[in-house]
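Have the model open in your viewer and your selection tool ready. We will go from one stop to the next, with something to select at each.

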Amino acid sequence: MARKINLRIWRGDSTNGGLQDVQVEANEGEVVLDVIHRVQATQMGDLAVRWNCKAGKCGSCSMEINGKPRLACMTQVAAYGEDETITVTPLRAFPVIKDLVTDVSFNYQKAMEIPAYAPPADLKPGEARMEQVDVERSQEFRKCIECFLCQNTCHVIRDHEENKKSFAGPRFFIRIAELDMHPLDILKNRKRTAQEEHGLGMCNITKCCTEVCPEHIKITDNAIIPMKERVVDIKYDPARMFSGLLKREKRN
Amino acid sequence: MSGVFSPTRAKIKERTLRTDKWWLQPAITFAVLFSFIIYATFRAFEGDNYFVEPLISPFYSPCLSQACVEGSTIFGWTPVSAEIFNFALSPALIILIFPLGFRMTCYYYRKAYYRAFWLSPPACAVAEPHSKYTGETRAPLILQNAHRWFFYAGLLFNVFLTYDAVISFKNAEGEWGHMSVGSLVLLASSTLLWFYSLSCHTCRHTVGGRLKHFSKHPIRYKLWSWVSVLNHSHQQFAWYSLAAVAFADIYVRQVATGAWTNFYFF
Amino acid sequence: MTNALERHKYDVLVIGAGGAGLRAAVEARESGLRVAIICKSLFGKAHTVMAEGGAAASMGNANSNDNWKVHFRDTMRGGKFLNHFRMAELHAKESPDRIWELEMWGALFDRTKEGKISQRNFGGHEYPRLAHVGDRTGLELIRTMQQKIVALQQADKREHGDYESHIKVFAELTITEILKENGKIAGAYGYWRESGSEVLFEAPAVIIATGGVGKTFKITSNSWEGTGDGHALALKAGANLVDMEFLQFHPTGMVWPPSVRGILVTESVRGEGGILTNNKGERFMFKYIPDVFKDKYADNEAEADRWYEDQDNNRRPPELLPRDEVARAINSEVKAGRGTEHGGVFLDVSKRLSAEVIKKRLPSMWHQFYELAGVDITKEPMEVGPTCHYVMGGVEVEPDTAAAVGVPGLFAAGEVAGGMHGSNRLGGNSLSDLLVFGRRAGMGAAAYVKQTTATPVSDANVAAAAARIEAPFARSGGENSYSLHAELQEVTHNLVGIIRTGAELKDAIEKIAEIRKRSANVAVAGGRKFNPGFHLAFDLDNMLLVAESTAKSAIGREESRGGHTRDDFPGMDSGWRQYNHISSFDGTQVSVRKQALPFMPKDLFDLFEVDELKKYMTPEEIAKGGSN
Ligand SMILES: Cc1cc2nc3c(=O)[nH]c(=O)nc-3n(C[C@H](O)[C@H](O)[C@H](O)COP(=O)(O)OP(=O)(O)OC[C@H]3O[C@@H](n4cnc5c(N)ncnc54)[C@H](O)[C@@H]3O)c2cc1C
Ligand code: SF4
Ligand code: SF4
Ligand code: FES
Ligand code: FES
């Protein structure tokens, strides 16, 4: 049962651009990415859009649909009303390249700045022993498909370009948390650098990252807040302050 | 021109293209919290109608001032001299700072009021009105890190309020074994406060979250698992406990002013 | 034009950032070389992220009887003995080390009670063997290596002051040509997808790790990247492809709604009790049990149902027959007009299991259908049909070094390389293949680079590559690449698909040639900047070469084996087992020739029972008892 739907697509590049209305056929069960592809094949051969797996597994097709950061391949057309116009725009926190494609290199830059996994020097391949309960927390964060929707929606950088240099963003807070909770990681200063170099303190836990995460990772509750608590452990904990432990852990 | 209007971003003039009622949630939060603040301020300064045998309002407990009405203190312990406040200020003000601080620094309430009061951001993917933002990295917001201190204080308060609930199972003559609507109200509010405190993120962290190896601490892991379950509903407990405390105070006040009678079941 | 050309010089060029490419890059960098990684999509999005089940490695964590010999046997059996024995041997021996290595780089596999890496059962593997992380093993693999590369970059930053001084990822860059000088590899040419501008890479060694060819087919589980670029690049560079007729069709892909056509429905749905029915409501698999399996599979519903409760005293339901059998059965039902409205059959778990149990045991399937198709599998049946999943054929390589035969400096690893899986790949053997041969390609390239001298790419070579990119823009009013692609998919789907006949293949070869002729006339609308129409024009060219090679190999092989089924030659023929099909390209068309399979040495030969070998080998071969 094909029906015509109204699609409003942002087209343009970094210098100029705007929303364009198109009418396109949509079949039962289709997702927004399908109708974008149909527009591409029939009306706008050069419409730029990123995608790969079309199964919500690669995190390529991130865009904003009716203002909400979403994966286009996981957004049903049927979720919108019969007469509703569906507006699709590129991610609004990153520089636009063309049409629905943005420059997400910010995220790859930040990825390079997070210190890598550091196992004990004497650990031999095949000899690692880890309990399931000890890896589960980090495994949740490793579900991340790097769609960068959380980064895009985080107001710290979405609304403040100048914060980009000092803020790693929720995607990389879960990376830091993953490593800090990794049973074999021995790098001690992750908490301190999270706060002092990667901008953990700039997050005001307003949870938009969690709201948009397609993998349903509890970014705020399970990574950011626990990391903030770990920072309190080394910097602001009352009990430790009184017992003078703080001084000794300064190095951490 | 910053944020979504920065020169490199896609040129879209709307602050948001969201078509749903994104403003509803912050509006409700604002309305409810604001009403509570008004009411609580009024009550804190009222300095009266907070005690009626055997009920004490949670706003005034523990009553530590010599200004406290008779019977409202804990074993008559009043370390704070009435002169400090010179009768101009109510006994509630000595203690309210703690539960207030606890809630102000609560991770959930922070989200709620940053969004509803400070519009930072008002809702996800809706541009905020501020041109500068530094988050919780400097004063005063860096003080949010004091949540752990308030958490410990909050636990202490829960003990007092539970004690209040227990002694409310007396009749007006001080005899045990009676139960009134008031006892249930105090019981409900103190219980919900426990749920609120135990589901706190700091609690989750302290009982086990800070550990690297759960497998080496099976008991703390169990505790952490339980607290994690509660923590899921921390937002709900935050609101329910707030409502319950407010209602407990209203109830005590109504009974104290004689507007309502405290019905005894037995 | 050429003076503004962007140029880069590296020691090793890795084309492809899937599991194989990344592993190769790590190895090459660790041998001290400067490495460029090039991929068509963003870093970390390669097709490998979609792999679910796990990576096969005989670590013996779940069953201590497992070892490389058992794994080797399983792999050879799965491939119906057409595998290159040496690749299967290396793969079986080295997989455990490659998995443990990942763990050293931060991978977090699911654990056993003793804290080791947990291993799960999979079709064709005698013991539980697949290291896994829930149902997202591919993601773990990619991310771990991505992070390993970042770790190497951080080390370079400490030492050389720049993250990207020795290893750099060129994402969203498509390679259109591999360049040679004096018969040796000299570099590669391509364009940035973002800007459309061109790039020249000069390097003495190129590793192709471009993955599969699924997009040649109408229904596939592969992503858009699976356009066989590496297969075509290698052919054009003078390398051979081996056994391109072998494609794995997974029996259960989604077919409806169109948005999800081809997406994989995991085997576990049937394992948990899903039954297959046709449009008459008939549970048709009972009709399709081949004689050799009669004693292992139930021939009536009552017994099949009992098996789920009591596996010792009942035979298994026929839904659990090997992948190729089930795929063929579904295909026959549909062809006989007993399919669903959309050309599939029904797969139903809702009858046997409660909604709760389904959601608990098949969480990702429930989500996949619910979120993507609006189908609640706890209430309704799924519509499924075969989907093109994996290509066994690929670049002919030297097993130990992954060097492409005949082209000095060219290497290939991963799905794009051929030989390892024979005529049919076992589930889980691909991820471990990526690691084992990715590393070997990295080593091979490093060794090669250290004993050769780099040759600069000549201007003429550059000019020719540039002219090819410019061509479609110069035309106007030509063919549309989207519709040609759709036509090609129609041809391969109908004529080179899961069941083939000589007549249909002949037809296909003609049609493919005709589309190829028309494709020379493709015109592109719009500019160079991120223009998918332009990108597709190049991908199309590659898919056409792959399709030609597949069709021509398939028409030659007059037998049915693994991923190649001929209706006109339904049996397996031991005579044919002695030959590989080698495709090569002369600049205008693909030609296919037979080549004798390498002999298996005696120590490997002796790992099998003679009775088993009799099913595959000729009496003369058996009498010889392997070579050397
Ligand atoms: C749904 C699904 C589930 C699967 N599950 C399993 C499983 O459980 N276990 C298992 O072992 N296997 C599984 N497989 C198979 C396995 O995932 C693939 O065979 C494997 O990932 C291929 O990896 P690769 O490194 O060879 O290539 P890919 O991961 O496909 O990467 C190819 C790379 O090459 C790049 N590239 C291609 N062409 C060009 C060009 N022209 N220029 C520049 N770059 C280019 C691409 O951008 C990409 O980075 C599954 C496959 C699918 C589809
Ligand atoms: S919770 Fe923190 S990191 Fe997440 S979106 Fe909000 S401010 Fe950003
Ligand atoms: S954490 Fe979630 S939203 Fe953020 S990049 Fe990963 S998958 Fe996307
Ligand atoms: S295309 Fe992979 S997540 Fe949408
Ligand atoms: S987080 Fe809400 S009370 Fe601690």
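## A tour of chains and ligands

Start with the chains. Two pairs of chains touch, and the pair with the most contacts is A and B. This is a predicted model, so keep that in mind as you look around. Chains B and C do not touch; their nearest C-alpha atoms are 10 Å apart.

**Stop 1: where chain C meets chain A**

Select the contact between these two chains: 60 residues come from chain C and 63 residues from chain A. Together the two chains bury about 5,000 Å², with 55% of it on carbon and sulfur atoms. Now highlight C:Lys45, C:Met104 and C:Leu108, which supply 14% of the area that chain C buries against chain A, more than any other three residues.

Chains C and A share four salt bridges, and 34 residue pairs are in polar contact between them. On the side of chain C that touches chain A, colour helix 3 (85–104), helix 4 (137–160), helix 10 (363–373) and helix 15 (532–556), each of which gives two or more residues. Helix 4 of chain C has the largest share, ten residues. By class, this side of chain C holds 26 nonpolar, 17 polar and 17 charged residues.

One salt bridge to zoom in on joins the side chains of A:Glu146 and C:Arg143, at 3.8 Å from N to O.

**Stop 2: ligand 3**

Stay with A:Glu146, as it is also one of the residues surrounding ligand 3.

**Stop 3: ligand 1**

Move to ligand 1, which is surrounded by 39 residues; the closest are C:Thr48, C:Glu225, C:Asp229, C:Glu415 and C:Leu431. Show C:Asp229, where a polar side-chain atom lies 2.7 Å from a nitrogen atom of the ligand. Then look at the backbone: a polar backbone atom of C:Gly53 is 2.8 Å from an oxygen atom of ligand 1, and a backbone N or O atom of C:Ala20 lies 3.0 Å from an oxygen atom of ligand 1. How much of ligand 1 does the protein bury? Taken alone, ligand 1 exposes 1,000 Å², and the protein buries 98% of that.

To finish, colour the chain C elements that each supply at least two residues to this shell, including helix 1 (19–30), strand 8 (173–181) and helix 11 (429–450). Helix 11 of chain C gives the most, with four residues.

Methods. Residues numbered from 1 in each chain as written. Chains lettered and ligands numbered in written order. Predicted model: local features only at pLDDT ≥ 70, side-chain atom pairs only at ≥ 80, totals over all residues. Heavy atoms only, no water. Near = heavy atom within 4 Å. Contact = heavy atoms within 4.5 Å. Polar contact = N/O pair within 3.5 Å; in protein donor to acceptor, adjacent residues only side chain to side chain. Areas by Shrake-Rupley, 256 points an atom, 1.4 Å probe, with all protein chains shown as cover. Buried area = accessible area lost by both parts, 1.4 Å probe. Nonpolar A, V, L, I, M, F, W, Y, C, P; charged D, E, K, R; others polar.
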